[in-house]
Amino acid sequence: MINYILRRLLYVLPVLLGVNILTFVLFFVVNSPDDMARMQLGDKHVSQAAVNNWKQQRGYDLPLIWNQQQNGMLAIQKTIFFEKSVGLFFLDLGLSDNGRDIVADISQRMWPSLAIAIPSLIFGVLANITFALLLIFYRGSYLEFGGLFVCITLMSISGLFYIIAGQFLIGKLLALTPISGYAPGLEAFKFIILPVVIGVISGLGSGARWYRTLFLEEAAKDYVRTAKAKGLSELQVLFKHVLKNAMVPILTGIVVILPLLFMGSLITESFFGIPGLGSYTIDAISSQDFAIVRSMVFLGSFLYIIGLLLTDISYTLVDPRVRLN
Amino acid sequence: MRFSLLWTDYLVFALVIGVSLLIWRASKKQHMVRPWKKVSDSTVGVVSLTVLLSFVFIGVLDSTRIKYKPNLSNGEGGARTETLSVLDIVLTPIRTQVETTYSMPFAHTGYAKELLKDEQGVTQWVYPRLKYAGAHLASAVNEKPQDIITKAVEGVFLGFMCWLALVVLVLFFSKARSHKARSKAQKNMAYTLLIIFSLAGMVASLGPYYHVLGTDKVGEDVLYQAIKSIRTGLVIGTLTTLVMLPIAIALGLMAGFFRGWVDDVIQYLYTTLSSIPGVLLIAAAILMAQVYMANNPDLFTTVDDRGDMRLLLLCMILGLTSWTGLCRLLRAETLKIREMDYVMAARALGVGRMQILKRHVLPNVMHLVMITVVLDFSGLVLAEAVLSYINIGVDPSTYSWGNMINTSRLEMAREPIVWWPLAAAFIFMFALVLAANLFADVVRDAFDPRENN
Amino acid sequence: MKGLLKIAISLWLSTLAACSDVALNNPYVQNEDQGKVIYSSFSERPKHLDPAKAYSSNEYGIIAQVYESLFQYQYLKKPYQLEPLLASSMPTVNYFDAQGVQLGGSPAASDTAYSEYVLTIKDNIQFQPHPSFNLSLHKHLPDDWGGDSLYSLPQSSRVLTVDDFIYQIKRLADPQTQSPIVGLMSNYIVGFKEFSQTQAALIASKPQLDKVQRLQSVPMSGVKKINSTQFSIRIKGKYPQFINWLAMPFFSPMPWEADAFYNHPDLLSKNITLDWFPVGTGPYFLAENNPNRRMVLSKNPNFHVEYYPTEATEQLAKKGLLRDAGKRLPLSDKVIFSLEKESIPYWNKFLQGYYDASGISSDSFDQAVSFSPSGEVGLTDSMLERGIGLQTAVTTSSFYLGFNMLDKVVGGYSNKNKKLRHAISIAVDYEEYISIFQNGRGVAAQGIIPPEIFGHVEGEQGVNPVVYRWQNGPQRRSIDEAKKHLVDAGYTNGIDPATGESLVLYFDTMDSGPDSKARLNWLRKQLDKLNIDLVVRATDYNRFQQKMRSGNAQLYMWGWNADYPDPENFMFLLYGKNAKALHGGENASNYKNPRFDALFERMSSMENTPERQKIINKMVAITREDAPWLWGFHPKAFSLYHAWYTNANPNLMANNSTKYINIDPTLRRAYQSKWNKPVYWPLLLMAFVLLLLLLPAYRIYRRIENAKAL
């Protein structure tokens, strides 16, 4: 087990390297260091000297990946790619291109992202499971048909509509929550309730259907039939057997996305003015802040792989039949 | 006058022809026909398929582009060439009747008051009459309701007649002339078509006189925009899968079948790729396209060219980012299949590996491919809207629902609220995605072997 | 699902019950709106709050309240006029010839080799309380300091000296600062360039030297301390606009202690730098700076004595702008800037009373503004009902459509080239543009100089004869005239003889917002009138800039915001030596006309005299004839203010106007609770519908369970 985890962790390295190379290539195919400098320096009265000065101070005056003026290992080391990448593997993300400390920014912006993501996940899963169980319980009745139709309808509406409609109805017409904004601590409650409710509702359609298929598979198994034959009521069967046995795929499905919750939601955060990591990434892309883009991609892929690993481990924990090798 | 097709147009036609060929070939194989029979037995399946086909029909019309030289207003033959799609020509009065700014659905006056001089030369702060909509009415306020109802009824009647003509024509040429021979599917399809025809007839009869869904900020008919956006939605939904399928199938099967280092490399590839946030890849690709277009301005002389290039690129990059899911599925399935008895037997008999892949493995994973394609379609249509919101979607000059929603965010904040562009985008998008989702459901039920028992 | 919703709602309602007088949707933290608080916003975090670097209006919105310059624009006076702020009087300017002999009176520019500005500052002006004045903190930060707030460190203050001004000028020249005006000032201030070079050499040769020592080790030859309250700046030639620069935050005093203090590595790692936490003498200090959420300005307890102006025109007095005359500034205690990226939430919150002032986007225009039958601008009834006030002003900016004069088709100075540009100038109907996209908030430009700037001519004399004729006001010439020009230009009916097809022109833009499509379509339609095909090449910011720098664009749209109210600040956009593609200047059209350039050189060093006006008229006439730009329009700024927000006056040059604003918090609170009554019945309705759904659910439940029992 330990051996396996270690091996998987080692596997992370080449993936991260690949991710890093890809980000680097994609970014610099499009932007030159000159472009970045001009973006940061603004519109008015920008001279080439100022651009060169900026590049020199930020370390973007080196060649991109191969330094012809140097020999041996130095030809690789004295490059933008090498100098900017090494720190990442030691989680030293450095300064952003506009001079702020990235780690400090991330540790500050993480909390609002989590404040939205965690309640959305918990309430979302609970709502989806409840809805799916109801669908199973009312199998074959018009309530199931209606419920399924509601699911498909909810799925067919673009996420943007939910946000626009939610802000318009609840924030503006009914004046029940602030339209957007954020505050730390307990004050956050009134700001996150609308995004969370919208997140839960917009995910209900597809989520409930997914859980429904899980439950259906489980309900078709022989032991369920036996349980029913024993005289257990339908509700008892659902909760005692179907739900319990379906917990394995449910849990592992949740575990894989847990680490990614840190990354925040891009659209929700920018619509609701929540200063989280999702909007951090988008802002960085639009202001072409390479240092932040690179760090966030790196962090994102790292968390993704951790998620995969956690899933594998959780399989063995909940189901002793699965062995890792 | 000649055809002038864009890149995506060629691909749309290639796709339509390809799919038709596939259907024709599949219709001869019993095992392929069986699940489709199941689909055609389901009312939901047939209705949603009919709706989808009507959308596709509009999309194809919109992809048939004709270049011609219109006459100038002074009668001289112009030197300008104009490129219009067949759909544009069909929608001509709606397309060309452009007001100055916002107007409500079925309105005959503008949406905001303007300073106007009346005949006496007195300036007044009033709602201006529209240039086209309701212009045929003398006293619009009194006559309008009557007029709209009359025109709508006429339209429905027109639609009905067209439908009748079509049905009679089909009956005349088909063998199933007796009542009994007509299957449930055919009847369902006919009734759905009746509704679609009636709606189309209504639009055709009202369109030249009113803006059925109002006009936007620069006075363009919203209905026209919504209809034009259908093509964009379809192209994104279908071309993306076209890009994705070959990669996903090839790599998925190889990884599962050959195992060993091939498997390792492919797994590494998709883990790496799927761990990068997709938004970033798309943003980078769109920026790259812009750089390319900025460096090669001669290749893209018209707005359509540029928009088309960006659309194509968006499809490609979406395809490149979305193959990982299907690839993983196929790999797992192939791993199972290669241990099956018949594959073992074929191997023992010395059948070539490629032969086995083609004959035994591929047909047995086709249901997964089928289900993924249909399921992904609606997701992609929805994704387009989100991407347009962060400005990395289709070109702003391309008609798309995403662009419509993006603009309408500002309009929602108006007071009185301008709701119709958002509503129009919502209705059309909802219709397409709902039809696609319902159809996907039916297809999954029909193809999923687990559901068969 | 239902249960959870109910729990959530009841929880939420119960938290609210505790503070029932507060509106539910208040986006601010409670109990903070005690006293006079101004609520404002920022849409993206300001890039720089260091006055040597900051150069955009959103940055000035904050730092101009913290830093003060020697001079400021009088708040209630138009045309714009400077008055002393940190200076005790307006400067005395001495002129010298090349031999260093002082010239008397106001000598001609050609005779003047140097001008010397002698500046005297007010006594006893204190800096804001700030830890950097605690010299012991420069070396060691206290161990128990958590790093959460700068102002939890022990603070101190000191008196402002002329050295602080000199130190800031040195900072401007320091290559490490990367000030945007280095290039510009090198041309004017004596010794500026040399100082820059010396510093660069010092950085290379003695990297161990810290910044303060380095800057103080070398003097700048043109900047001299005379005594503790006087210093002088010597500039090359005659440049009357220099005093406008002295009024900008670039030249506000900077204590050397600030640089020394922020040099601490612990502060750097916590994102606490001079670029984020300014140290000034102004009416406010930046108490909180969280660019991810909000920034807070608090009243500076050490702020020097300054009073609200007592003089204003009748018109302004009638508007109530003298209500607080003679009161000590600043009038409000606190300014809270909240991050608000999207315009819709901003507008909605403004209507809910959570922001004090708002511009009017073209989308909210109809809701806010109506016109009277005589065409006068007014507010709609719904706005008046809310007690909202409106102010309008023509801005000192120009939005223009430029031709690249280096281009073979649209550029050039031959008669044929000009005719093509004239035709396009007539065809592009900017009046329509203003009415569609600006809701009429703008004035079609007749030339390069916007209204309210010296040199602008109103009425018939001021009309651009190329595009307009005068008939009780400017009338755009007809499209037929444009077509005639087109024939003269060699493109009869818009057909390019080279290809036999319509002439194709290219328009480069980085416009990609939601409105851009409509705007671009509109522009295409304008050229359609001449049967010219306009191809829009939309691209991103970098590509656009690159194109402009390399002179590859054909048509482009751009704007210019005045730095200071002088015609030179606009005319220089067409000065040949500022050509963007050739010299990297701001002349994006690369326009170069020797006659214009000669006049410009004369005009720029003149005072505002009738003679100057004559030269300006000549220059304007030349540019109209050459038509390197479609002059576009000068936007009008419309702003809305709530009833509790008083003393707002659209003074576009005074960026430190926050100190004049007064707030009535009780009135605000009353309005807010009136406008934000929560509506509960839909929630109850929803709960009721869910209950109704339970009925059939229960019936089926019984049926299922009964079926089991059988």
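Buried here means under 20% relative accessible area, exposed means over 50%, and partly exposed is in between (1.4 Å probe, protein chains only). With that in hand, A:Val19 counts as buried because its relative accessibility is 1%.

## Ground rules

This is a predicted model, in which local features need pLDDT of at least 70, side-chain atom pairs count only at pLDDT 80 or more, and totals for chains, interfaces and linings use all residues. Residues are numbered from 1 along each chain as its sequence is written, chains are lettered from A and ligands numbered from 1 in the order in which they are written, and side-chain values use heavy atoms, with hydrogens and water left out.

Helices (H or I, at least four residues) and strands (E, at least two) are DSSP runs, numbered from the N terminus. Contact means heavy atoms within 4.5 Å. Setting aside neighbours within four places in sequence, A:Val19 is in contact with A:Val297 and A:Ser301, and also with B:Thr272, B:Ser275 and B:Ile276. As for A:Ala188, it is 169 residues from A:Val19 in sequence and 35 Å away in space, C-alpha to C-alpha.

Helix 7 of chain A covers residues 142-155. Its 14 residues reach 20 Å from first C-alpha to last, close to the 20 Å expected at 1.5 Å a residue; that expected span is 1.5 Å times one less than the number of residues. At the start of the helix, a side-chain oxygen of A:Ser141 comes to within 3.1 Å of the backbone nitrogen of A:Leu143. A:Leu143 is also one of the buried residues of helix 7, which include A:Glu144, A:Gly147, A:Leu148 and A:Cys151.

## Where chain C meets chain A

Here 60 residues of chain C are in contact with 63 residues of chain A. The buried area is about 5,700 Å², with carbon and sulfur atoms giving 53% of it. Buried area is the accessible area (1.4 Å probe) that two parts lose on being put together, summed over both.

Polar contacts do turn up: nine residue pairs, both at pLDDT 80 or more. A polar contact is a pair of N or O atoms within 3.5 Å; within protein, one must be able to donate a hydrogen and the other to accept it, and residues adjacent in sequence count only if both atoms are side-chain atoms. On the side of chain C that touches chain A, the elements supplying at least two residues each are helix 1 (2-17), helix 11 (343-351), helix 18 (541-550), strand 22 (555-561) and helix 24 (681-709) of chain C. Helix 24 gives the most, with 10 residues. By class, that side divides into 29 nonpolar, 16 polar and 15 charged residues. For these classes, Ala, Val, Leu, Ile, Met, Phe, Trp, Tyr, Cys and Pro count as nonpolar, Asp, Glu, Lys and Arg as charged, and the others, Gly among them, as polar.

## Where chain C meets chain B

This contact takes 41 residues from chain C and 36 residues from chain B. About 3,600 Å² is buried between the two chains, 51% of it on carbon and sulfur atoms. The count is zero salt bridges, and the rule also finds zero residue pairs in polar contact with both at pLDDT 80 or more.

Among the elements that give two or more residues to the side of chain C that touches chain B are helix 11, helix 15 (430-437), helix 17 (516-528) and helix 18 of chain C. Helix 17 of chain C brings the largest share, six residues. By class, this side has 14 nonpolar, 13 polar and 14 charged residues.

## Loops of chain C

C:Thr112 is in the loop between strand 5 (102-103) and strand 6 (114-120) of chain C, and it counts as buried because its relative accessibility is 6%. The peptide bond from C:Leu329 to C:Pro330 is cis, with omega near -10°.

C:Glu452 is not a glycine, yet has a positive phi of about 70°; at 36% relative accessibility it counts as partly exposed. C:Asn472 also has a positive phi, near 50°, and is exposed, with a relative accessible area of 81%.

Conventions: Salt bridge = Lys/Arg side-chain N within 4 Å of Asp/Glu carboxyl O.
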